[in-house]
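This report describes the fold, the surface and a few individual residues of the model displayed below. Please read it alongside the sequence and the structure.

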Amino acid sequence: MMKFNKLTPEEEAVILHKGTELPFTGKFLNHHENGTYICRYCNAPLYNSEDKFESHCGWPSFDDEIAGAISRVPDKDGRRTEIVCAKCGGHLGHVFHGEGYTEKNTRHCVNSLSIDFLKK
């Protein structure tokens, strides 16, 4: 049986009910330490710090994920692609392609409330 971390009401609103934190407010927006970003709900490794970049969009951005860590789901708005933790299904944010921010041309736009960090 999977063990889940206790969530604050704010984390629950984002992770379980697919909410979005306010832009430019997340604790990992301007975070630049080396390590691994993990799912706040189930602790699954999601992103390596070297894949984080500054997109000035208001949320932490990554141009790659740890293999097998992220599932992509059509968003209910019919336009965007939602990203969720592949292990627990917790809402992380959305993924965008073709914006030209990095060579990989991919931006995972992630809520800080959806993730935690393990320092290397």
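The protein chain carries 15 positive and 17 negative side chains, and the centres of the two sets lie 5 Å apart. In this count, Lys and Arg are positive and Asp and Glu are negative, while His and the chain ends are not counted. Each charge is placed at NZ of Lys, CZ of Arg, CG of Asp or CD of Glu.

The model is predicted: local features need pLDDT of at least 70 and side-chain atom pairs count only at pLDDT 80 or more, whereas totals for chains, interfaces and linings use all residues. Residues are numbered from 1 along each chain as its sequence is written, and side-chain values use heavy atoms, with hydrogens and water left out.

**Overall fold**

One helix and nine strands make up the secondary structure of the protein chain, in the order α-β-β-β-β-β-β-β-β-β along the sequence. The radius of gyration of the protein chain is 13 Å, close to the 14 Å from the globule rule for 120 residues, so the chain is as compact as a globular protein of that length. This radius is taken over C-alpha atoms, and the rule is 2.2 Å times the number of residues to the power 0.38. Helices (H or I, at least four residues) and strands (E, at least two) are DSSP runs, numbered from the N terminus.

Of the 120 residues, 49% count as buried; buried means under 20% relative accessible area, exposed over 50%, and partly exposed in between, with a 1.4 Å probe and protein chains only. The accessible surface of the protein chain comes to about 6,700 Å², of which 52% belongs to carbon and sulfur atoms. Areas come from the Shrake-Rupley method with a 1.4 Å probe, and for residues only the protein chains shown count as cover.

Most residues other than glycine have a negative phi. Two exceptions are tabulated here.

| Residue | Phi | Relative accessible area |
|---|---|---|
| Lys 18 | about 60 degrees | 42% |
| Asn 43 | about 70 degrees | 42% |

Lys 18 lies in the loop between α1 (9-15) and β1 (35-39), and Asn 43 in the loop between β1 and β2 (45-48).

**The partner of Lys 18**

Which residue does the side chain of Lys 18 join in a polar contact? The side chain of Glu 82 does so, at 2.8 Å. A polar contact is a pair of N or O atoms within 3.5 Å; within protein, one must be able to donate a hydrogen and the other to accept it, and residues adjacent in sequence count only if both atoms are side-chain atoms. Glu 82 lies in strand β6 (residues 81-85) and is buried, with a relative accessible area of 5%.
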